[in-house]
Amino acid sequence: MHAAIRDEVLEAMCRVYDSQWYILGPEVVHFEQAYSDFNQVKHTVGVGNGLEALALALRALSIGPGDEVLVPSNTYIATWLAVSQVGATPVPVEPDPATSNLDPTRIKAALTPRTRAIMPVHLYGQPCRMPEIMVLARQHGLLVVEDNAQAQGASFNGQPTGGFGDASGTSFYPTKNLGSLGDAGAITTNNADLAEYIKLLRNYGSGQKNHHTLLGYNSRLDELQAAVLQVKLRHLAAWTSQRRQLAAWYTEQLTGLSGLQLPALAAGAESAWHLYVVHTARRDALQQQLAAQGIGTLVHYPVPPHRQPAYAHLGLPAGALPIAEELAATSLSLPLWPGMTEATVVTVAQAIRRFYER
Ligand SMILES: *Cc1c(COP(=O)(O)O)cnc(C)c1O
């Protein structure tokens, strides 16, 4: 990916170097506008990283101590940490085991008088069933903050993720579908007041030099990353279609192996294929056999948040969230990147077939 755009990216980096304007300048303004257009939302606010994007969105929506926020039981821990950071309590909801995404039919049972918000995570690039989630949220007076860190380029019924909820946080960590060359993140929203408030929060609570209206933070997208992200955003649609093609090839090559569950999409969901995740009871053996043939795979994620020492205080023992635990024990992410060839997909798929057919 990076070799193909080296000249374009270096030119953008030189432009920032020479401008001598490194924080909150024209590059951030241009990127925020371009990212809003891409997501079909009214506002983007660039911040320091994905975790802070989620936490600032929650804080700007006045979620804090005493509040409960529904989160998926099988997400990356950052979703939960954002809730904890504002002093609220993450309340896990089990996913649909077929899609690994938040199951809207399980939301009602998790509600208490303290529930304030839902955080759907578009895991592995697949959008959650947002129309149903939004209807439920509105029925129960709940706010919705999407975690769009893995799904830049995804859509549900044609609408891009990141624009369904009251706000959405995303990450431009280097390995995300839209990755910077360091840490970066953003909030998207259609609410102008919220966007303005987050712009104050990210910059010491200040909209005007030496005038501080809020107890703010320092969490800013920097000019260099914004310039790089502008270049990469221009390629994102093409990269996303390559990811879709690679996923289709995997599915074609791997269909019909008993004991191997392929990714399933909800009707209306168009995935950005951040990851192609299969499930198998023999995950560790398969991973080892692939590694022996020089095929690298990863597990997203081997330990669910409730089983991390950091969340021991919630008192959720092994077995408390069986779907999340089962997914953690069986999931395997196959190699997938824009620029990967069909021949490489076939090589990986053949190695997997040999494992099952032996
Ligand atoms: C990467 C990621 C984050 C956090 O983003 P950072 O920029 O690394 O802080 C949050 N949620 C999910 C689902 C992620 O994949």
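This report describes the fold of one protein chain and then some of its residues.

The structure is a predicted model, in which local features need pLDDT of at least 70 and side-chain atom pairs count only at pLDDT 80 or more, while totals for chains, interfaces and linings use all residues. Residues are numbered from 1 along each chain as its sequence is written, and side-chain values use heavy atoms, with hydrogens and water left out.

## The chain as a whole

The chain has 11 helices and 14 strands. Helices (H or I, at least four residues) and strands (E, at least two) are DSSP runs, numbered from the N terminus. The radius of gyration is 21 Å, close to the 21 Å that the globule rule gives for 358 residues, so the chain is as compact as a globular protein of that length. Here the radius is taken over C-alpha atoms, and the globule rule is 2.2 Å times the number of residues to the power 0.38. Along the principal axes, the C-alpha trace spans about 70 × 55 × 35 Å.

Of the 358 residues, 55% count as buried. Buried means under 20% relative accessible area, exposed means over 50%, and partly exposed lies in between (1.4 Å probe, protein chains only). The accessible surface of the chain is about 15300 Å², and carbon and sulfur atoms hold 54% of that surface. Accessible areas come from the Shrake-Rupley method with a 1.4 Å probe; for residues, only the protein chains shown count as cover.

Among contacts in the chain with a separation of 6 or more, 69% are between residues 24 or more positions apart. A contact means heavy atoms within 4.5 Å.

## The annotated lysine

K176 carries the UniProt annotation "modified residue: N6-(pyridoxal phosphate)lysine", from an unreviewed entry. The UniProt annotation "active site", also from an unreviewed entry, covers K176. UniProt positions are given in the numbering used here, feature names are shortened, and annotations may be inferred rather than shown by experiment.

In the model, K176 is in the loop between β8 (167-171) and β9 (185-189). Its relative accessibility is 14%, so K176 counts as buried. Apart from neighbours within four places in sequence, K176 is in contact with A149, Q152, S171 and H274.

## Accessibility of selected residues

The table lists five further residues with their relative accessible area.

| Residue | Relative accessible area | Class |
|---|---|---|
| F156 | 6% | buried |
| G216 | 29% | partly exposed |
| S100 | 3% | buried |
| Y124 | 9% | buried |
| L123 | 2% | buried |

## Residues and their surroundings

F156 is in strand β6 (residues 155-156). F156 and P127 are 29 residues apart along the chain, yet their C-alpha atoms are separated by 6.2 Å. Leaving out neighbours within four places in sequence, the contacts of F156 are P127, C128, R129, P131, F164, A267, G268 and A269.

G216 lies in the loop between β11 (211-212) and α8 (223-254). The C-alpha atoms of G216 and G205, 11 residues apart along the chain, are 3.9 Å from each other. Beyond neighbours within four places in sequence, G216 is in contact with L201, Y204 and G205.

L123 is in the loop between β4 and α6. Setting aside neighbours within four places in sequence, L123 touches N74, T75, S100, N101 and Q150 by the contact criterion. L123 and Q208 are 85 residues apart in sequence, and their C-alpha atoms are 38 Å apart in space.

## Backbone details

Most residues other than glycine have a negative phi, and most peptide bonds are trans. S100 is not a glycine but has a positive phi of about 65°. The loop that holds S100 runs between β3 (89-93) and α5 (107-110). Y124, which is also not a glycine, has a positive phi of about 65°. Y124 is in the loop between β4 (115-118) and α6 (130-139).

The peptide bond from H300 to Y301 is cis, with omega near 10°. Y301 is in the loop between α9 (283-292) and α10 (322-330).
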